[in-house]
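Please look over the sequence and the structure shown below before reading on.

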Amino acid sequence: MELIHLRILLALKQSGTLSSAAEQLHLTQSALSHQMKNLEQRLGVILWRKQGRLLVLTQAGKYLSDVAESVIATVDSAEQHLALLGAGKTGKLTVGIDCHACYEWFRTILQPYLLAWPELAVEVTSRYRFNSFEAIRHYKLDAVLTSDPAFNGVLHYQALFDFELVLIVASQHRLAGRGFIEPLDLQQETILTYPVDRERLDMFRKVLQPAGIEPLNHITVEETDIMLQLAASQRGVCLLPEWLLAEKADKLSLDSLRFNGLPLTKTMYLATRHEDVPLEYIQGLIELASNKPEKTAMGEDL
């Protein structure tokens, strides 16, 4: 039994005449009759009988037409879904976040993205933070937001926006108000960072280690908001994207500083598999994420 047989029975059930069913399926009446006659011979049952100009389904024909109605609906739905998948209009998108600070910004674009793609299942995870690029290659993730790309040709990296890292200190801190500072100024400071290996922390690999500086203390903090509160209470200093200050700079009495002759500009990227780049929901995410976060955009999300 083939799908065409089920489509013929369904058309006959809906139209009641051979000519209407043939027109609906873009077949000739003789081709339609030939298909059904072969099916009746193979099944050993009569599926329809003529009553004047009408075709009346037999008990076997009614049963099979009911089956056809269910099967064809499922097949049509599957074909439509696959077409949407192929066009990148629906499916599942699992996004990995490769940096702690990215969560604060990503929350500001997540809701608009979900509203723009109501048929798309979206999952956001940090489960593969330390092996996210391998997770994309093995289809555990579909995209990763990262500021530390690995340009090796395996993945596609779409640049989204540039941002600057600044040293965040309490407004009453001894360094506050300076135009620029030196890495040596941090030798007697407690450094606040996320719980990440030093090799992955810009504070160590770009500021302290090149200058041969070891800070007085190093404390790891899971949450950005807690890190900022510790900095505001002069329990330490931290290196974070400038946008994270937002309105908290006033509410927590924080100040931002830059290092003399040491620009700390980075680029946010969306990493994906090369074959997924044309998908519409990937392009939609790129378009939305390419809007650089402003200081005032974060608001109370911190």
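In which helix is Tyr281 found? Tyr281 is found in helix H10, which covers residues 280-289, and this placement, like everything below, is read from a predicted model.

**Tyr281 and its surroundings**

- Tyr281 counts as buried because its relative accessibility is 8%, and buried here means under 20% relative accessible area.
- The C-alpha atom of Tyr281 is separated by 7.3 Å from that of Trp117, although the two residues are 164 residues apart along the chain.

**Salt bridges between parts separated in sequence**

- Side chains of opposite charge can pair when their charged atoms come close.
- Asp66 and Lys13 meet through their side chains in a salt bridge, with an N to O distance of 2.7 Å.
- Because Asp66 lies in helix H4 (residues 59-87) and Lys13 in helix H1 (residues 3-15), this pair ties together parts that are 53 residues apart in sequence.
- Both partners are partly exposed, Asp66 with a relative accessible area of 46% and Lys13 at 37% relative accessibility.
- Lys92 forms a salt bridge with Glu123, and the closest N and O atoms of the two are 3.4 Å apart.
- Lys92 belongs to strand E3 (residues 91-97) and Glu123 to strand E4 (residues 120-125), so the bridge ties together parts that are 31 residues apart in sequence.
- Lys92 counts as partly exposed at 49% relative accessibility, and Glu123 is likewise partly exposed, with a relative accessible area of 25%.
- Arg198 and Glu214 also meet in a salt bridge between their side chains, at 3.0 Å from N to O.
- This pair links distant parts of the chain, 16 residues apart, with Arg198 in the loop between strand E8 (190-193) and helix H7 (202-208) and Glu214 in the loop between H7 and strand E9 (217-220).
- Arg198 is partly exposed, with a relative accessible area of 27%, and Glu214 is partly exposed as well, with a value of 45%.

**A network of charged side chains**

- Salt bridges also link residues into a network, which is made up of Asp148, Asp202, Arg205, Lys206 and Lys266.

**Packing of H1 against H2**

- Two packed helices are described by the angle between their axes and the distance between the axes.
- The axes of H1 and helix H2 (residues 18-25) cross at roughly 130° and come within 8 Å, and the two helices are therefore oblique to each other.
- The crossing of H1 and H2 is right-handed.
- On the H1 side the contact involves Arg7, Ile8, Ala11, Leu12, Gln14 and Ser15, which meet Leu18, Ser20, Ala21, Gln24 and Leu25 in H2.
- Sorted by class, the contact of H1 with H2 has 6 nonpolar, 4 polar and 1 charged residues.

**Packing of H2 against H3**

- H2 packs with helix H3 (residues 29-43) at an angle of about 100°, their axes being 9 Å apart, and this angle makes H2 roughly perpendicular to H3.
- Leu18, Ser19, Ala21, Ala22 and Leu25 of H2 make this contact with Gln29, Leu32 and Ser33 of H3.
- The contact of H2 with H3 has 5 nonpolar, 3 polar and no charged residues by class.

Definitions and conventions
Residues numbered from 1 in each chain as written. Predicted model: local features only at pLDDT ≥ 70, side-chain atom pairs only at ≥ 80, totals over all residues. Heavy atoms only, no water. Salt bridge = Lys/Arg side-chain N within 4 Å of Asp/Glu carboxyl O. Helix = DSSP H or I, 4+ residues; strand = E, 2+ residues; numbered from the N terminus. Buried < 20%, exposed > 50% of the residue type's maximum accessible area, 1.4 Å probe, protein only. Axes fitted to C-alpha atoms, helices over the stretch in contact; angles between N-to-C directions. Parallel < 35°, antiparallel > 145°, perpendicular 65-115°, else oblique. Left-handed = near helix turned anticlockwise from the far one by under 90°. Contact = heavy atoms within 4.5 Å. Nonpolar A, V, L, I, M, F, W, Y, C, P; charged D, E, K, R; others polar.
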